[in-house]
Amino acid sequence: MEKTKKAPKHKTSEAGVDIGAEIKTRRLARAWTLEELSERSGVSIAAISKIEKGQSSPSFETILKITRPLQVNFVDMLDGNSSTPESSARLISTTASDIEHYHTDFYDYHVHSGALKRKAMIPLQMTVRTRDVPPPEDWSTHSGEEFVLVLSGKLELHTEQYATMTLAQGESCYFDSTMPHAFVSATDEPTEILSMCLSIKPFEAAD
């Protein structure tokens, strides 16, 4: 008996934004092929295609890599908002209802300061749910530097070039985020961390 194929389940934000569709819309607006976006982002053609079709759940860092050459702030994309108004005074507060939420198989991301456009850094509260080291293809890598502070629980930081580092509540680390890395909860409960991702070049100019 022939099985009925299920329609792809697209990854959406809590605001109801179809992330794959948003990426495709912005790519086509620039008249870029999948190959061109792949070359500019460093993400494989196959991976981008699956994301656009809703056939995979990309990590936060993968989305950052793809949106950077498109000159789209990740938070703007979650909001379905492509506008990036200039501002001379940088001030924003985030209430509980303003926090954007994004989920992967390993982490829950809680994005703060979402209304502030063209940010050089992205402040995140992360819930590290996994107690097993993610497979190498799911390790994070993105331009710039990252600061991590453990809010509760105990964190294992796995990196490509250093021995595993264990951080308790109140402890922190600062590292080059171009180095592949992954987070693991070292307790029976999820670990909460504050992550500040700083991009040296938050918006790369298109050719």
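**Note on the predicted model: fold order, strand pairing and aromatic cluster**

1. Read from the N terminus, the elements of the protein chain follow the order α-α-α-α-α-β-β-β-β-β-β-β-β-β, that is, 5 helices and 9 strands, where helices (H or I, at least four residues) and strands (E, at least two) are DSSP runs numbered from the N terminus. This is a predicted model, in which local features need pLDDT of at least 70 and side-chain atom pairs count only at pLDDT 80 or more, while totals for chains, interfaces and linings use all residues. Residues are numbered from 1 along each chain as its sequence is written, and side-chain values use heavy atoms, with hydrogens and water left out.

2. Of the 207 residues in the protein chain, 43% are buried (buried means under 20% relative accessible area, exposed over 50%, and partly exposed in between, with a 1.4 Å probe and protein chains only). Where contacts (heavy atoms within 4.5 Å) join residues at least 6 apart in sequence, 66% of them link residues at least 24 apart.

3. Strand β9 (residues 191–198) runs antiparallel to strand β3 (residues 121–128), with 8 bridges between them, and β9 also pairs in the antiparallel sense with strand β4 (residues 145–152) over 7 bridges; pairing here requires that DSSP finds at least two bridges between two strands. Cys 197 of β9 is the bridge partner of Ile 122 and also of Glu 146.

4. The structure holds 4 aromatic pairs, for which rings of Phe, Tyr and Trp (its six-membered ring) must have centres within 6.5 Å, planes under 30 degrees apart counting as stacked, over 60 as edge-to-face and the rest as tilted. One of them joins Tyr 102 and Tyr 109, a tilted pair at 6.1 Å centre to centre with 40 degrees between the planes, and both residues are buried. For Phe 106 and Tyr 107 the ring centres are 6.2 Å apart and the planes stand at 55 degrees, so this pair is tilted; Phe 106 and Tyr 107 are likewise buried. Ring pairs link Tyr 102, Phe 106, Tyr 107, Tyr 109 and Phe 183 into a cluster.

5. His 110 lies in strand β2 (residues 107–111) and counts as buried because its relative accessibility is 14%. Although His 110 and Gln 125 are 15 residues apart along the chain, their C-alpha atoms are separated by 5.0 Å. Leaving aside residues up to four places away in sequence, His 110 touches several residues, including Ile 99, His 101, Gln 125 and Thr 127. With the side chain of Thr 127, the His 110 side chain makes a polar contact at 3.2 Å (a pair of N or O atoms within 3.5 Å; within protein, one must be able to donate a hydrogen and the other to accept it, and residues adjacent in sequence count only if both atoms are side-chain atoms).
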